[in-house]
Amino acid sequence: DWAFPSDPGPFEVRVGTALAEVERRLILETLRASGGHRLQTARALGISRRKLHYRLRQYRDEGLPV
């Protein structure tokens, strides 16, 4: 099994936050907690590495901070 290098802590979301924004924040927080390791991030989120790369590219193309 794999574990994060450090406890990522709580992840708070305000009621009414758009689902796409929640997804983006969760992906980025998980990526940060994994030390930037994309395969571990994808595994922790239960998505494919390809899906993770697609989302990160999408955020960059939209001009969002990644």
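This is a predicted model: local features need pLDDT of at least 70, side-chain atom pairs count only at pLDDT 80 or more; totals for chains, interfaces and linings use all residues.

Reader: How do α2 and α3 pack, in angle and axis distance?

Author: The angle between α2 and α3 is about 105 degrees, and their axes lie 8 Å apart. That angle makes α2 roughly perpendicular to α3. On the α2 side the contact is made by R38, L39, T41 and A42, while α3 contributes R49, L52, H53, L56 and R60.

Reader: What's the make-up of that contact by class?

Author: The contact of α2 with α3 has four nonpolar, two polar and three charged residues.

Reader: Now the other pair, α1 and α3. At what angle do they pack, and how far apart are the axes?

Author: Helix α1, residues 19-33, packs with helix α3, residues 49-61, at an angle of about 110 degrees, and their axes are 11 Å apart. The two helices are therefore roughly perpendicular to each other, and the crossing of α1 and α3 is left-handed.

Reader: Which residues make the contact there?

Author: From α1 the contact draws on E23, R24, I27, L28 and L31, and from α3 on L52, R55, L56 and Y59. Sorted by class, the contact of α1 with α3 has six nonpolar, no polar and three charged residues.

Reader: Charged residues make me think of pairing. How many salt bridges does a search of the whole structure find?

Author: The search of the whole structure finds three salt bridges.

Reader: Start with R55, please: what does R55 form a salt bridge with?

Author: R55 forms a salt bridge with E23, and the closest N and O atoms of the pair are 3.0 Å apart. Because R55 lies in helix α3 and E23 in helix α1, the pair ties together parts that are 32 residues apart in sequence.

Reader: Are those two buried or exposed?

Author: R55 counts as buried, with a relative accessibility of 17%, whereas E23 counts as partly exposed at 32% relative accessibility.

Reader: Then R24, which is also in that helix contact. Which residue is its salt-bridge partner?

Author: R24 forms a salt bridge with E21, with the closest N and O atoms 3.0 Å apart. Both R24 and E21 lie in helix α1, and they are three residues apart, about one turn of the helix. R24 is buried, with a relative accessible area of 12%, and E21 counts as partly exposed at 28% relative accessibility.

Reader: What about E29 and R32?

Author: The side chains of E29 and R32 also meet in a salt bridge, at 3.0 Å from N to O. E29 and R32 are separated by about one helical turn because they are three residues apart in helix α1. As for accessibility, E29 counts as partly exposed at 36%, and R32 counts as exposed at 51%.

Reader: Changing topic, where is A33, and is that residue buried or exposed?

Author: A33 is in helix α1, and A33 is buried, with a relative accessible area of 5%. In space A33 and G9 are 9.2 Å apart, C-alpha to C-alpha, although 24 residues separate the two in sequence.

Reader: Last one, on the chain as a whole: what share of residues count as buried, and what share of contacts join residues at least 24 apart?

Author: The protein chain has 66 residues, of which 23% count as buried. Among its contacts between residues at least 6 apart in sequence, 44% join residues at least 24 apart.

Key: Residues are numbered from 1 along each chain as its sequence is written. Side-chain values use heavy atoms; hydrogens and water are left out. Axes are lines fitted to C-alpha atoms, for helices over the stretch in contact, and angles run from 0 to 180 degrees between N-to-C directions. Helices (H or I, at least four residues) and strands (E, at least two) are DSSP runs, numbered from the N terminus. Angles under 35 degrees count as roughly parallel, over 145 as roughly antiparallel, 65 to 115 as roughly perpendicular and the rest as oblique. A crossing is left-handed if the near helix is turned anticlockwise from the far one by less than a right angle, and right-handed if clockwise. Contact means heavy atoms within 4.5 Å. Ala, Val, Leu, Ile, Met, Phe, Trp, Tyr, Cys and Pro count as nonpolar, Asp, Glu, Lys and Arg as charged, and the others, Gly among them, as polar. A salt bridge is a side-chain nitrogen of Lys or Arg within 4 Å of a carboxyl oxygen of Asp or Glu. Buried means under 20% relative accessible area, exposed over 50%, partly exposed in between (1.4 Å probe, protein chains only).
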